[in-house]
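Walk through this model with an eye on how its parts meet.

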Amino acid sequence: MIYKYLRFVCLLAVAAVLVVLPVHAQSEGLTTEQIATIKQNCRQISATLSQIRTNDAPVYINKNQTYFSIGDKLMARLNSRLTLNSYDASDLVRTSSDYNHELQNFRTQYKAYEELLSDTIHTDCKRDTERFYNKLASTRDARGRVHESAMKLREFISQYGNQVQTFGQQHFSKGVDSE
Amino acid sequence: MNSDEVEHAHEHIDKPWYSSELFFFIAGSLVVSLVLVAVSMFIYVASGASLLDSSRPGYLSVQKDISDTTFKGFPSTGDVNQGTLDDFNKLYQKQIKSVMGDDVFSGAAMSDQALGIDISNE
């Protein structure tokens, strides 16, 4: 009988820990002063987030267009032209393939970020302050991933440019005019 | 009019409006169109196309910031020589200029300080 009782108490304790721990972990890092500040500046914070969302939209559209044109109208076309002329463009093809994969990732990450940002904006920061802050933290992480992806795209763009330079030096002694 | 015709006519008249063929046809058309709209809206949002649609009402205020691209690109056919690579490089450098300089989607815009919730310096 006593074992049954003990087992019940243990189970109850484990359940309590499982329920309380994540809540505690989520709200970790947010002081009472910060909660008060968020509540006080709630309207301004929401307005700033909405402004960020509005500003991000054209930036994303423009960058996406440019990234796409670099991959589709420059990299792919040069690769095709080199292959048609029987040159070995395998390095260039690999880089442009990696670039296209990263561009896909950039779009996916931005979509996730946009959804999180929208969700954060629609969370009541006055009544649901801690949840709002947790969502804000997730949105920041998502924005970081978009930034990271944009940086990777830049790396691939540089890499491709350097490879074209090397290709020019290997096949035509002069190399490529760098402006 | 024989008895069969009379019976048939009565059946036709007694049919309530909601069990008529015309009602089913209209209701069916509405249901099919609603399902198709729901599916297309799902695809529009899920594919990320909605984020690139500058004609959306939410984007009206920033439409002027969206650049109109008429970039033709590099010809995919023709000879390859030094001049070809030089031409490519000129186009490439021009096109990458707008994405290489700035620090897009940096975390600074969304920091505690930027949002006014940083109390460490207060």
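The model is a predicted one.

Which residues make the contact? Helix 3 of chain A brings K63(A), T66(A), Y67(A), S69(A), I70(A), L74(A), M75(A), L78(A) and R81(A). Helix 4 of chain B answers with T84(B), L85(B), F88(B), L91(B), Y92(B), Q95(B), I96(B), S98(B) and V99(B).

Now turn to the core. In soluble globular proteins, nonpolar side chains tend to be buried together. Here the largest nonpolar core has 56 residues. L49(A), Y67(A), F106(A), I157(A) and Y92(B) have the most contacts inside it. Elements from both chains give two or more residues to this core: helix 2 (32-40), helix 3 (42-84), helix 4 (90-121) and helix 5 (129-171) of chain A, and helix 4 (82-100) of chain B. Helix 3 of chain A gives the most, with 13 residues.

Take L49(A) as one example. Setting aside neighbours within four places in sequence, L49(A) touches L117(A), T120(A), I121(A), F132(A) and L136(A) in chain A. Its contacts in chain B are M110(B) and L115(B).

Next come the rings. Over all chains, the whole structure holds 14 aromatic pairs. One of them joins Y67(A) and F106(A). Their ring centres are 5.3 Å apart and their planes stand at 85°, so the pair is edge-to-face. Y67(A) sits in helix 3 of chain A and F106(A) in helix 4 of chain A, so the pair ties together parts that are 39 residues apart in sequence. Are these two residues buried or exposed? Both Y67(A) and F106(A) are buried. They also belong to one aromatic cluster with Y60(A), Y110(A), Y113(A) and F105(B).

Last, look at chain B as a whole. Chain B has five helices and zero strands. From the N terminus on, its elements run α-α-α-α-α. Of the 122 residues in chain B, 24% are buried.

Key. Residues numbered from 1 in each chain as written. Chains lettered and ligands numbered in written order. Predicted model: local features only at pLDDT ≥ 70, side-chain atom pairs only at ≥ 80, totals over all residues. Heavy atoms only, no water. Core = buried A, V, L, I, M, F, W, Y, C linked by side-chain atoms within 4.5 Å. Buried < 20%, exposed > 50% of the residue type's maximum accessible area, 1.4 Å probe, protein only. Helix = DSSP H or I, 4+ residues; strand = E, 2+ residues; numbered from the N terminus. Contact = heavy atoms within 4.5 Å. Phe/Tyr/Trp six-rings, centres within 6.5 Å; stacked < 30°, edge-to-face > 60°.
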